[in-house]
Amino acid sequence: MQMSDVIADMLTRIRNANSAKHATVDIPASNMKKAIAEILTEEGYVQGFEVIDEEGKQGTIRVTLKYAANKQRVIRGIRRVSRPGLRIYVGCEDMPKVMNGLGIAIVSTSKGIMTDKKARKLNVGGEVLAFVW
């Protein structure tokens with residue numbers, strides 16, 4: 001079965017594994033998903049990720065989720081913004097702030113996939129992929 005929105009699938013897998021308090025979650029690999037996993041790692045929302053290459057296959061990204069003391073979830077919410085039926089584009093001056101700066105927006109720009117803070121700093125706009133808080 002062909003999936004129409006692979007980023008939404010990735011975010012849903014992370015959200016579900018986070019709600020069930022799993023240690024890791026496996027996601028089919030792609031370059032965009034690797035970039036999103038890298039941003040989540042840099043911003044401290046997940047512990048890390050590794051790419052598991054399989055011979056002649058797509059490969060898998062194994063994301064290690066992060067929890068605070070007493071198994072408190074670090075990711076409180078994760079939401080897809082732009083979707084295949086309705087793309088959301090913003091300029092650098094209209095870049096959204098998630099939870100008044102407590103969360104991040106993941107943005108796909110002409111200079112790569114980055115956070116809203118970095119996009120404002122580089123003065124570029126793009127497609128808003130997701131909000132994480």
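Author: In this predicted model, arginine 73 sits in the loop that runs between strand 3 (60-65) and strand 4 (78-80).

Reader: Why is arginine 73 called partly exposed?

Author: Its relative accessible area is 32%, and since partly exposed covers what lies between under 20% for buried and over 50% for exposed, arginine 73 is therefore partly exposed. Arginine 73 also belongs to a positive surface patch, together with Lys21, Lys71 and Arg76.

Reader: What makes aspartate 5 and arginine 80 a salt bridge?

Author: The closest N and O atoms of aspartate 5 and arginine 80 are 3.0 Å apart, and the rule asks for a side-chain nitrogen of Lys or Arg within 4 Å of a carboxyl oxygen of Asp or Glu, so the pair counts as a salt bridge. Aspartate 5 lies in the segment before helix 1 (6-19) and arginine 80 in strand 4, so this pair ties together parts that are 75 residues apart in sequence.

Reader: How do you know whether aspartate 9 and arginine 13 are buried or partly exposed?

Author: Aspartate 9 has 18% relative accessibility, and because buried means under 20%, aspartate 9 counts as buried; arginine 13, at 31%, counts as partly exposed. The side chains of these two residues meet in a salt bridge of 3.0 Å, N to O.

Reader: What makes the chain as compact as a globular protein of its length?

Author: The chain has three helices and eight strands. Its radius of gyration is 15 Å, close to the 14 Å that the globule rule gives for 133 residues, so the chain is as compact as a globular protein of that length.

Terms used:
Residues are numbered from 1 along each chain as its sequence is written. This is a predicted model: local features need pLDDT of at least 70, side-chain atom pairs count only at pLDDT 80 or more; totals for chains, interfaces and linings use all residues. Side-chain values use heavy atoms; hydrogens and water are left out. Patches are made of residues with over 30% relative accessible area and no salt bridge: like charges are joined within 9 Å, nonpolar side chains (Val, Leu, Ile, Met, Phe, Trp, Tyr) within 5 Å. Accessible areas come from the Shrake-Rupley method with a 1.4 Å probe; for residues, only the protein chains shown count as cover. Lys and Arg count as positive and Asp and Glu as negative; His and the chain ends are not counted. The place of a charge is taken as NZ of Lys, CZ of Arg, CG of Asp or CD of Glu. Helices (H or I, at least four residues) and strands (E, at least two) are DSSP runs, numbered from the N terminus. Buried means under 20% relative accessible area, exposed over 50%, partly exposed in between (1.4 Å probe, protein chains only). The radius of gyration is taken over C-alpha atoms; the globule rule is 2.2 Å times the number of residues to the power 0.38.
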